[in-house]
Amino acid sequence: MSQQPNKQRHLITVTNPRSPVSEAFRALRTNIDFSSIDEQIQVIMVTSSGPEEGKSTVTANLAAAYAQADKKVLLIDGDLRKPTAHKTFSLSNRYGLSSLLSQQADLNEVIQESGVPNLYLMTSGPIPPNPAEMMASNRMSTVLQELRQQFDVIMFDTPPLLAVTDAQIVASKSDGVIMVVSYGKVKRDIAVKAKANLDRVGAKMLGVVLNNVKRKASEGYYYYYYGN
């Protein structure tokens, strides 16, 4: 695993760690850590009800916030339909999760250094014809068990909940779920329907990140956390 240049986009927790947004991500991290006293929250899935709500940006910044707390973190791009993590971190997507699940690559071949200390990345890999089947496979469960032994925190970015079934499948294999909702864009009934999809698979909701809430022009966008 070679060190990559620090060319990340949208990683405000790295580029401006003292900003109010970065502080919000640290608060989100703390809330997650204290959300379950008796059970360890190790595999965290991040999703949204629909596209372009900022879930991938939230996932990357939250992963970086955990890495800054001296946790060994793996961010998995589980969106095997419209992957973005390799672009965010300026890394190759030749091999990734799909390569691993189809047994075309080994675990050590698909984990890359992100350029952020303590943060590693598994990109999506080539887009497969059967993403949902891959996520539901026994191989996926086995891989997650192996990764639990190697990393303190595993962040899983997935497709939107109402678009395909992939996110529900991953939710059933995760310790907790964060749902990102774009303020002013997503209607309440759509968000409720998305949460109902998670409830059907017994997912543990850690909370909701309300994204794109404008505070002051000088501060840009802020992220709020709402626990259960």
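**Asp 79 and the largest pocket**

The largest pocket has a volume of about 440 Å³. Of the 20 residues lining this pocket, Glu 52, Lys 55, Asp 79, Lys 82 and Thr 84 are the closest to its centre. Please keep in mind that this is a predicted model. Here is a quick tour, starting with the pocket and then turning to Asp 79.

**The pocket lining**
- Two elements, α3 (55–68) and α4, each give two or more residues to the lining of the largest pocket.
- The top contributor is α3, which gives three residues to that lining.
- By residue type, the lining of the largest pocket holds eight charged, seven polar and five nonpolar residues.

**A look at Asp 79**
- You will find Asp 79 in the loop that runs between β2 (73–77) and α4 (85–88).
- Asp 79 counts as buried because its relative accessibility is 7%, and buried means under 20%.
- The side chain of Asp 79 reaches the backbone nitrogen of Lys 82 at 2.9 Å; Asp 79 and Lys 82 are both among the residues closest to the centre of the largest pocket.
- Beyond its neighbours within four places in sequence, Asp 79 is in contact with Lys 55, Ser 124, Asp 157, Thr 158 and Pro 159.

**The protein as a whole**
- Ten helices and eight strands are present in the protein.
- Of the 228 residues in the protein, 55% are buried.
- Among contacts with a separation of 6 or more, 74% are between residues 24 or more positions apart.
- The protein exposes about 10800 Å², with carbon and sulfur atoms supplying 47% of that area.

Definitions and conventions:
Residues numbered from 1 in each chain as written. Predicted model: local features only at pLDDT ≥ 70, side-chain atom pairs only at ≥ 80, totals over all residues. Heavy atoms only, no water. Helix = DSSP H or I, 4+ residues; strand = E, 2+ residues; numbered from the N terminus. Buried < 20%, exposed > 50% of the residue type's maximum accessible area, 1.4 Å probe, protein only. Polar contact = N/O pair within 3.5 Å; in protein donor to acceptor, adjacent residues only side chain to side chain. Contact = heavy atoms within 4.5 Å. 1 Å grid on protein atoms, 1.4 Å probe; cavity = no way out; pocket = protein on both sides within 12 Å on 5 of 7 lines; lining within 4 Å. Points joined across faces, edges and corners; volume = space filled by probe spheres on them. Nonpolar A, V, L, I, M, F, W, Y, C, P; charged D, E, K, R; others polar. Areas by Shrake-Rupley, 256 points an atom, 1.4 Å probe, with all protein chains shown as cover.
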